[in-house]
Amino acid sequence: MNKKKVLIISYYWPPAGGPGVQRWLKFVKYLPEFDIEPIVYIPENPNYPLIDASLISEVSKELTIIKQPISEPYKFAGFLSKKNAKSISKGLIPEQKKQTVIEKLMLFVRGNFFIPDARKNWVKPSVNYLSTYISDYKIDTIITTGPPHSLHLIGMQLKERLGVKWLADFRDPWTTIGYHKELKLTKIAKQKHIALERKVLQNADQIIVTSNVTKKEFQQKTEQPIAVITNGYDVEKTEVITLDKKFTLAHIGSLLAKRNPEVLWQVLKELIVENEAFKKYFQLKLVGAVSENVLKNMDDYGLSEYLDKVGYVSHNKAISIQKESQLLLLIEINSEETKCIIPGKLFEYMVSKRPIIALGPKGSDVEKIIAETNTGNYFSYSDYDNLKSVILTHFKAFQENTLQSHAIGLQKYSRRTLTSTLGELIHFVSSKQ
């Protein structure tokens, strides 16, 4: 039986590092099991802020990958300030009052001259190239994944031109994503974003989102069908893991300026002052980029001497660190816009057998998933007493060598199970008249 050919249009792909690449790398890995032959279209010369060459080995040699050049402003922005361009491309945007003139200029230009984003110049050449490719290889179904949301414009134009079925996958929201407020958008620019988002949502044959909160948001903007397919975990091969001898709280991923829960730093400071054993064994391990503002705040609470700043590591190394650590920190910005954000690392945290300490806005999807799977505790930014009590309880369990999580119902979040759901959706959409 011939597999159904599906064209997947993505910006992030190995050797790109970070969470953006994981979702479709894993989907593509398992789609052939569900009678689908994925063909991946990516930029030939992308400007990835993070590199993880180890992910290349996960790409099947049998996979068809097609590429076209892309012109990106970050390369030109580097002439103004290489450091600032790289930080902004990673999402490390300084607090407004601390921004330099160059940073303010770069954010204004990025927000108002590159709509919907800095990859907009890839849309026209991609549509021209893919129109021929799709016709030549008789492909009738395409998928776009964003951000960058400009890739959805490629999908929309291909649907208009060729009549293909089009599934638009939103790993994050568009106009309500937190950093939009940082881009110094003019009224006209905001209206352009809203108009493009509405057009994409109303024209896609199927919309896919990663959270129920985003689904509810999009249901106010379109009557097109919306499916929730979260991110998930894969079975990762790691060497035999030995738990840290220290009482390690590890955070994997970027700590942005606003991802800065002072309540946690205050709790940790007080436990260090009040408990000699805690002071002796405590360690805070940060894996990934960390905002200077967050580091300064930690220092204000006397935590600098307990920090182990690891920096960015490969995905495999990050998995090992998760399994070695005593507790895993998941920290989200405390805002209405971040209720819908479910970091990909959450699912890898959940299968690490280490308890999760999560902080974020009340009523988030993360809060519900952690409760449903019994994988940790979720706190608001004002929940001082409960946070302190739980960390102290975990520390006592660490002293007794009994600290671990007892997860339930994780199978539905496995990458293979999620891909099965995606496969059914692709077959359904492509069969509709």
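## Ground rules

Contact here means heavy atoms within 4.5 Å. This is a predicted model, so local features need pLDDT of at least 70 and side-chain atom pairs count only at pLDDT 80 or more, while totals for chains, interfaces and linings use all residues. Residues are numbered from 1 along each chain as its sequence is written, and side-chain values use heavy atoms, with hydrogens and water left out.

Helices (H or I, at least four residues) and strands (E, at least two) are DSSP runs, numbered from the N terminus.

## Around Lys339

Let's start with Lys339, which sits in the loop between strand 11 (327–331) and helix 13 (345–350). Not counting residues up to four places away in sequence, Lys339 touches Val213, Pro361, Lys362, Gly363, Ser364 and Asp365.

What does the side chain of Lys339 make a polar contact with? Its partner is the side chain of Glu336, at 3.3 Å. The Lys339 side chain also reaches the backbone oxygen of Lys362, at 3.5 Å. A polar contact is a pair of N or O atoms within 3.5 Å; within protein, one must be able to donate a hydrogen and the other to accept it, and residues adjacent in sequence count only if both atoms are side-chain atoms.

Two strands pair if DSSP finds at least two bridges between them.

Strand 8 (residues 247–252) runs parallel to strand 11, and three bridges join the two. Here Leu249 stands opposite Leu327 of strand 11.

Now for helix 11 (residues 292–300), where Asn293, Val294, Leu295, Asn297 and Met298 are buried. Buried means under 20% relative accessible area, exposed over 50%, and partly exposed in between (1.4 Å probe, protein chains only). The cover over the buried residues of helix 11 includes helix 9 (262–274), strand 9 (282–287) and strand 10. At the start of helix 11, a side-chain oxygen of Ser291 comes to within 3.1 Å of the backbone nitrogen of Asn293. Just after the helix, Gly302 takes a positive phi of about 75 degrees.

Trp265 sits in helix 9 and has a relative accessible area of 0%, so Trp265 counts as buried. Which residues is Trp265 in contact with, leaving aside its neighbours within four places in sequence? They are Asn260, Leu284, Val294, Asn297, Met298, Tyr301, Leu303 and Ile331. Trp265 and Asn297 are 32 residues apart in sequence, and 8.2 Å apart in space, C-alpha to C-alpha.

## Two helix pairs

Two packed helices are described by the angle between their axes and the distance between the axes. Axes are lines fitted to C-alpha atoms, for helices over the stretch in contact, and angles run from 0 to 180 degrees between N-to-C directions. Angles under 35 degrees count as roughly parallel, over 145 as roughly antiparallel, 65 to 115 as roughly perpendicular and the rest as oblique. A crossing is left-handed if the near helix is turned anticlockwise from the far one by less than a right angle, and right-handed if clockwise.

Helix 6 (residues 150–162) packs on helix 7 (residues 187–203) at about 50 degrees, with the axes 10 Å apart, and the two are therefore oblique. Their crossing is left-handed. Helix 6 brings His152, Leu153, Met156, Lys159 and Glu160 to meet Leu196, Lys199, Val200 and Asn203 of helix 7.

Helix 9 and helix 15 (residues 384–399) have axes that come within 10 Å and cross at roughly 50 degrees, which makes this pair oblique. The crossing of helix 9 and helix 15 is right-handed. Residues making the contact include Val263, Leu264 and Leu271 of helix 9, and Tyr384, Leu387 and Ile391 of helix 15.

Most residues other than glycine have a negative phi, and most peptide bonds are trans. The peptide bond from Pro14 to Pro15 is cis, with omega near 20 degrees, and Pro15 lies in the loop between strand 1 (4–9) and helix 1 (22–30). Gly146 and Pro147 are also joined by a cis peptide bond, with omega about 10 degrees; Pro147 is in the loop between strand 4 (141–146) and helix 6.

Asp35 is not a glycine, yet has a positive phi of about 60 degrees. Asp35 lies in the loop between helix 1 and strand 2 (36–43) and, at 31% relative accessibility, counts as partly exposed. Asn374, not a glycine either, has a positive phi of about 55 degrees. Asn374 is found in the loop between helix 14 (365–373) and strand 13, and its 42% relative accessibility makes Asn374 partly exposed.
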